[in-house]
Amino acid sequence: MQNFIQALIGAVMTGSVYALIALGFNIIYRTMRMGHFAQGEFFMLGGYFGWMFYTQVGVPYFLAMLLACLSTTIVMLVVERIGYRTLYDKGPVGLLMANFAVQLILRDAAKLIWNSDVKRVPAYVSDASFEMHLGDITVYLVPQNLYIIAVCVILMVVFTWFMKYTKTGIAMNAVAVNRTASSLMGIELNKIIAVTYILAAFLAAIAGFVMAPIYTVRYNMGANIGMTAMSAAVMGGFGSLPGAMLGGMLMGLIEILGATYLSAAYKDAFSFIVLLVVLLVRPQGILGQKQIEKV
């Protein structure tokens, strides 16, 4: 039982990070009807900028987080303006190719700027475990892990509020439902699309920043986690924001519990096997809705 609770805490931490990145996938998909395959690279940039500002420049933790997120969103703004915006009316293939190009360019640029050495980031809060007694069971908790869970959960709550109750969030929801009608009602599509990409980059940057002490920072760190987070978005239901959060948590649970009780060597395989089963039973994802097109 003790091992199960320890694994569960680790699964919630990992799942929270997947959920943040999956949220970014889903808000872009809702607006563009296309996934953003470079999302993992913005997770990587959040880690690199966090390492640079926190360990190399030496600014305080909260300022380092702010600067890391700001720098990552500026990169996304440049990418959206130069790489994506001219392709919005050119069909999906060009934008899809631009996605892959941005993914490779960012990865190689990071390798060129920061080289291929692993960057280590000290824990933002204490990484010394402490005991918590649950009846006869003793659980060891690490403040750093609890901090990551708290940051991710708070961000998910704030983001949900933002989408429901702010003018920009409501406009994003309107564009997701019907872009043509939204444009006729006076919503600036290009502005909303840019905000969507920036929010997705912000979420990925926060995830990369808080996970930097756990994963360490390297130029290819976004590849696997980006693929897993996209799978979480698909499992929960592409386009569904609650589905992204649910899918992220489920992927974390499956991955960590599978590694704990079966084999750590195949932890990625367990997640994708469950994903395939979910898609066979419910192709639109757990909370996704069937798309009905009129012809």
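Predicted model: local features only at pLDDT ≥ 70, side-chain atom pairs only at ≥ 80, totals over all residues.
User: Where do I start? What does the secondary structure of the chain come to?

Analyst: The chain comes to eleven helices and two strands. Along the sequence the pattern is α-α-α-α-β-β-α-α-α-α-α-α-α. The radius of gyration is 19 Å, close to the 19 Å that the globule rule gives for 295 residues, so the chain is as compact as a globular protein of that length. Its C-alpha trace spans about 60 × 50 × 35 Å along the principal axes.

User: Now a single helix. What span does helix 8 reach from its first C-alpha to its last?

Analyst: Compare the span with the expected one. Helix 8 covers residues 189–215, which is 27 residues. It reaches 37 Å, close to the expected 39 Å. There is a bend of about 30 degrees at phenylalanine 209. Proline 213 follows within four residues of that bend.

User: What comes just after helix 8?

Analyst: Threonine 216 does, with a positive phi of about 65 degrees. This residue sits in the loop between helix 8 and helix 9 (221–236).

User: Is threonine 216 buried or exposed?

Analyst: Buried means under 20% relative accessible area. Threonine 216 has 14%, so it is buried. Beyond its neighbours within four places in sequence, it is in contact with Val118, Lys119, Arg120, Met211 and Met221.

User: How is a pair of aromatic rings described?

Analyst: Two values do it: the distance of the centres and the angle of the planes. Here the count comes to 14 aromatic pairs. Take tyrosine 61 and phenylalanine 209: the ring centres are 5.6 Å apart and the planes are at 40 degrees, so this pair is tilted. Tyrosine 61 lies in helix 3 (residues 61–84) and phenylalanine 209 in helix 8, so the pair ties together parts that are 148 residues apart in sequence. Both residues are buried.

User: Which residues form one aromatic cluster?

Analyst: Tyr54, Tyr61, Phe62, Tyr124, Tyr147 and Phe209. Phe209 is also where helix 8 bends.

User: Next, the sides of a helix. Which residues of helix 6 are buried?

Analyst: Helix 6 runs over residues 167–177, and its buried residues are Gly169, Ala171, Met172, Val175 and Ala176. They cover an arc of only 160 degrees around the axis, which puts them on the same side of the helix. The face turned away from that buried side carries the exposed residues Lys167 and Val177.

User: What do the buried residues of helix 6 pack against?

Analyst: They pack against helix 1 (2–32), helix 5 (143–165), helix 7 (179–184) and helix 8.

User: One last residue. Where is the place of alanine 244?

Analyst: Alanine 244 is in helix 10 (residues 241–261). Its relative accessibility is 0%, so it counts as buried. Leaving out residues up to four places away in sequence, alanine 244 touches Ala19, Ala22, Leu23 and Asn26. Sequence and space can also be set side by side. Alanine 244 and leucine 279 are 35 residues apart in sequence and 15 Å apart in space, C-alpha to C-alpha.

Technical notes. Residues numbered from 1 in each chain as written. Heavy atoms only, no water. Expected span 1.5 Å × (residues − 1). Bend = angle between axes of the 7 residues up to and from the residue. Phe/Tyr/Trp six-rings, centres within 6.5 Å; stacked < 30°, edge-to-face > 60°. Buried < 20%, exposed > 50% of the residue type's maximum accessible area, 1.4 Å probe, protein only. Arc of directions from axis to C-beta. Contact = heavy atoms within 4.5 Å. Rg over C-alpha atoms; globule rule 2.2 N^0.38 Å.
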